[in-house]
Amino acid sequence: MGKLDGRTALITGAARGQGRSHALTLAAEGANVIAVDLCADLVTIPYPLATPEDLAETKAQVEALGVACHTVRCDVRDTEAIEAVVTDGVDRFGALDIAVANAGVCGFAKFWELDDAAWDEMIGVDLTGVFKTMRAAVRPMLRQGRGRIVATSSMGGRMGNPNLAHYVAAKWGVIGLVKTLALEAAASGITVNAVCPATVDTAMVHNDALYGLFCPDLDAPTREQVEPAYAAMSPMGVAWVAPEDISKAVLYLVSDDARYVSGTTIDVSAAASAGMP
């Protein structure tokens, strides 16, 4: 018996990285999965995003665990699209028990060099997309009288970070959304929480653009060359945590073990949060 047998989980940004890890972790506990991803690049994001092939691989890996996986290419900024995903998911599986609003991207620039396009795209995906996913998901949960919602914030949502003003603003905003919805849904059998990861070993941090930011004096720095710079940001000396480390926190929050945990954040920070008030 898995912790989530018979439940259905919607996960955005599920084609790779943290999203795929969350899908596999919840599936291993018995949850059917609705895996959502844009599967297309964005103009202001300086690294390739997931592909349709990535999403198909998530489906194959989830179904190998013996549960159902329905995949949808969807832009979480599109109200009609994400609401249609939720409506179809409820029709297909009978209920929506879990929603993990995980889709997110990252770009960088000095505050005074951020243009409107970069700001709008970052806020659109990392904040507005989370809001629209949570809003769509909570409606059937209110009718059911139960549900679990988890949003991906960041340690960047708990502190300032140079070169990441738009990303930081979005991730701080996610925490505000979580706390507000947790209060509004508290009497309805629904919990709402956020996870705040440190740097995670995914394509969001492993790309030429970000490597160049961390090692500007090197020509085409490699993963091995940037690792000390990443590790220097961590009190534990950890360059990056595994996606599975975040998935374990998500699993706790969506399980019955956390039935009275709502309106909070879980920092998977490698001790970075210890230096915060």
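In this predicted model, the largest nonpolar core holds 30 residues, and of these Leu26 and Val33 touch the most other members. At least two residues of this core come from each of β1 (8–12), α1 (17–28), β2 (32–37), α2 (52–63), β4 (98–101) and α8 (243–254), and α8 gives the most, with 6 residues. When residues up to four places away in sequence are not counted, Leu26 touches Leu4, Ala9, Ile11, Ala31, Ile98, Val100, Leu251 and Val254. Another core, of 27 residues, lies apart from the largest one, and Val86, Val174, Leu181 and Ala182 are among its members.

Helix α5 can be followed next through its packing with α4. Helix α4, residues 116–144, packs with α5 at an angle of about 15°, and the two axes are 8 Å apart. Because angles under 35 degrees count as roughly parallel, α4 and α5 are described as roughly parallel to each other, and α4 passes α5 in a right-handed crossing. Among the residues that make this contact are Trp119, Met122 and Phe131 of α4, together with Tyr167, Val174 and Leu181 of α5. The residues of the contact divide into 17 nonpolar, 2 polar and 2 charged.

The loop between β5 (147–152) and α5 (165–184) contains Gly156. Is Gly156 buried or exposed? Its relative accessible area is 7%, and since buried means under 20%, Gly156 is buried. Leaving aside neighbours within four places in sequence, Gly156 is in contact with Asn161, Val168, Lys171 and Trp172. Trp112, by comparison, is 44 residues from Gly156 in sequence and 19 Å from Gly156 in space, C-alpha to C-alpha.

How values were computed: Residues numbered from 1 in each chain as written. Predicted model: local features only at pLDDT ≥ 70, side-chain atom pairs only at ≥ 80, totals over all residues. Heavy atoms only, no water. Helix = DSSP H or I, 4+ residues; strand = E, 2+ residues; numbered from the N terminus. Buried < 20%, exposed > 50% of the residue type's maximum accessible area, 1.4 Å probe, protein only. Contact = heavy atoms within 4.5 Å. Core = buried A, V, L, I, M, F, W, Y, C linked by side-chain atoms within 4.5 Å. Axes fitted to C-alpha atoms, helices over the stretch in contact; angles between N-to-C directions. Parallel < 35°, antiparallel > 145°, perpendicular 65-115°, else oblique. Left-handed = near helix turned anticlockwise from the far one by under 90°. Nonpolar A, V, L, I, M, F, W, Y, C, P; charged D, E, K, R; others polar.
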